[in-house]
Protein chains: 2
Amino acid sequence: MTKKTGSPKAEVTITDVAKKSGVSIATVSRVLNQTGRYGDDTARKVLAVAREIGYTPNYMAKSLKRKKTEQIALAVADMGNPVYVAMAKSVQQVAKAHGYRLVLLSTEALASEEFGIIKSLSRQYVDGLIISPLLYSDEHRELIKEAKQPIVVITGSESDPDIDSVLVDSSQGVQLAMEHLLAQGRSRIAFLNGRPDTVPGVARLNGYYASLIEHGLPRDENLVFASDFTLAGGYQAATQIINEGAKPDAIMCANDLMALGVIRYLREQDIRIPHDIAVVGMDDIEHGATAYPSLTTVSLLAAERGRMAAELLLNRLTSEEQQKPRQLQVVPRLIVRESSVVVQG
Amino acid sequence: MTKKTGSPKAEVTITDVAKKSGVSIATVSRVLNQTGRYGDDTARKVLAVAREIGYTPNYMAKSLKRKKTEQIALAVADMGNPVYVAMAKSVQQVAKAHGYRLVLLSTEALASEEFGIIKSLSRQYVDGLIISPLLYSDEHRELIKEAKQPIVVITGSESDPDIDSVLVDSSQGVQLAMEHLLAQGRSRIAFLNGRPDTVPGVARLNGYYASLIEHGLPRDENLVFASDFTLAGGYQAATQIINEGAKPDAIMCANDLMALGVIRYLREQDIRIPHDIAVVGMDDIEHGATAYPSLTTVSLLAAERGRMAAELLLNRLTSEEQQKPRQLQVVPRLIVRESSVVVQG
DNA sequence: TTGTAAGCGTTATCAA
DNA sequence: TTGATAACGCTTACAA
């Protein structure tokens, strides 16, 4: 009997193991899952046969029956943003500690993808989902409530009492940074937003306006810019900010990636940071600390939020009793580095 | 009839739809999948009912029957490394174009995770896998050949003719960079490796030694360092390189992330780059172009390799005829930026 | 055009 | 301690 190379390898099932070891499939199942009772000899035999013929369980069948996959998913807008990677890492830790695996889903900032994931969660083969949606409309919320699997949302400050959420008020974060900039004597502060039609986009812009009002500063639309939440987006927007003559003495960026792009452009133009223009970001990604000059930023505690969300979700998944939805909150923290304070001397 | 809030939502199945619309489950299936023949009226009715009672297919059952999930997985060592993100993005594009979804798996540089993924691929609920393993032992290869689902490996130059692979000789890449540094008049070139027990670690170190030999340079073990393939790893190693008195005039880093960490430390110490020490990385991540000074690097065409691997895999998945395994290769490219050439004037 | 029924590979209940 | 057997929710011959 020869094995035809390249032919689709036949699936060896629990039935094969049962036949070859002369027991019933029920017994094989019990031995393999160490459930119920079975004899020592039987176990040895079954295990040996299973190894010999290369049995490997079919998880499709298994989870169809058990109604669980022991996997959770994390859906974020852009894996290219280190802040989401940091979040993913802490989610993965928690998941692993509970015997769950993490599946990463990148929506590429597409609302359609977000919808798709929520709508047919079972297609992801997971028991639950953590999602940090870029868009969070009523429709999103409706879908989330109707979902058959537990979902935890990581988002801004607008919470829905019926949805498990981990919140952070990034508008407040922007205000923190604005205070700082103002305290440093900056007065023409430009705001570089990411996509303004997104949850973070809206919140951060609002924070900017709120600061202006609080400090009795004029609202100058010529100082407001928008681009993508990316390095390239920041770089590209910087060319605009500089060349359209807005003449700011500081640029408040909606995230670190953009801020890094801005720094790059300013440096290329020999504009001194922070002397000529101060730059502040948001998210506290590792590259910010490493940049030159190092980037002042506002931490939104991504890792912490990931951990909280994961614990919330796993608690839902593993605990028996029905608990009502919970909203957890985290508060932004300002991290001052070189890009915003002029060193005298 | 009241809906008990918070109670586990009951799964609505194809049977419910069938009952409520007064047809058989077979018909429902046909309508929902637009397969076989069915009457227009029936279709309308079924669709309406399905929507009304919120039917959503159970993918577990579906793929148990059909033996396909229309998903593929990409397993990489560290999602925190932008080079893998770039790779993931191009894989995702190809996958999407073929109607497949991409599931991201991060092994956190753990060999055990890599093994686990290959061994029980069915647990990932995917039809195929692309893996860029940090370790690639005989055992890895054995497992890959025995796998029931197609696997494509993205790795160095040591190919196995029985395994679909996308290769790049990073040793050659290091040599390219070394030529460049030597041409710039550097003579005490330190090598900062990542984990030396990994595929890239071994290859890159070999490239370094090969260059030395080729140019008749002495092999000085005091110039060889190793750390993690991360930003923090690079930073930490730089403190060693500088403080242990190796006195190099250039540092060849095994990847960009490490190089960025090195640059950070050198700058903190007011060591001029490239004047005092030139720095070169490898991978060509976006942050390298943005760094200060911008980073000379060697592109290993990550995006390109991702695309090739994805196409190879999807071809396996969708084409009927059995083809024999293929090995594709890509060649490294030097990208010269500020960190390695002194500008005169 | 539709329905019946046989699986897909498991787990789990119930007898033996 | 073990074995039949009925699900799990779906697709797909085969019949009607």
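Which residues in helix 10 of chain B meet which residues in helix 11 of chain B? I will come back to that in a moment, after a word on what we are looking at. This is a predicted model, in which local features need pLDDT of at least 70 and side-chain atom pairs count only at pLDDT 80 or more, while totals for chains, interfaces and linings use all residues. Residues are numbered from 1 along each chain as its sequence is written, and chains are lettered from A and ligands numbered from 1 in the order in which they are written.

Let me start with confidence. The score called pLDDT is the predictor's confidence in each residue, from 0 to 100, and for chain A its mean is 94, with 97% of the residues reaching 70 or more. Over residues 1-7 of chain A, however, pLDDT stays under 50, and the model has 3 contacts beyond four places in sequence for that stretch; a contact here means that the C-beta atoms of two residues, placed from the backbone, lie within 7 Å. Where pLDDT is low, the predicted coordinates should not be read in detail.

Now to the opening question. When I speak of helices (H or I, at least four residues) and strands (E, at least two), I mean DSSP runs, numbered from the N terminus. From helix 10 of chain B, the residues Leu231(B), Ala232(B), Gly233(B), Gly234(B), Tyr235(B), Ala237(B), Ala238(B) and Thr239(B) meet Leu257(B), Met258(B), Ala259(B), Leu260(B), Gly261(B), Val262(B), Arg264(B), Tyr265(B) and Leu266(B) of helix 11 of chain B. By class, this contact between helix 10 and helix 11 of chain B has 12 nonpolar, 4 polar and 1 charged residues, where Ala, Val, Leu, Ile, Met, Phe, Trp, Tyr, Cys and Pro count as nonpolar, Asp, Glu, Lys and Arg as charged, and the others, Gly among them, as polar.

Next, the DNA. A residue is near a strand if its C-beta atom, placed from the backbone, lies within 6 Å of it. Around DNA strand C there are 28 residues, of which Ile14(A), Asn58(A), Ala61(A), Ala26(B) and Gly39(B) come nearest. Helix 4 of chain A gives the most to this surface, with 5 residues, and by class the surface near DNA strand C has 11 nonpolar, 11 polar and 6 charged residues. Around DNA strand D there are 29 residues, and Ala26(A), Gly39(A), Thr13(B), Ile14(B) and Ala61(B) come nearest; the surface near DNA strand D divides into 11 nonpolar, 11 polar and 7 charged residues.

How do the two protein chains meet? Their contact takes 38 residues from chain A and 38 residues from chain B. On the side of chain A that touches chain B, the largest share, 5 residues, comes from helix 4 of chain A, and the residues of that side divide into 14 nonpolar, 15 polar and 9 charged.

Finally, a few details of the backbone. A cis peptide bond, with omega about 0°, joins Ile273(A) and Pro274(A), and Pro274(A) is found in the loop between helix 11 and strand 9 of chain A. Another cis peptide bond, with omega about -5°, joins Tyr292(B) and Pro293(B), the latter lying in the loop between helix 12 and strand 10 of chain B. Asp283(A), although not a glycine, has a positive phi of about 130°, and Asp283(A) is found in the loop between strand 9 and helix 12 of chain A.
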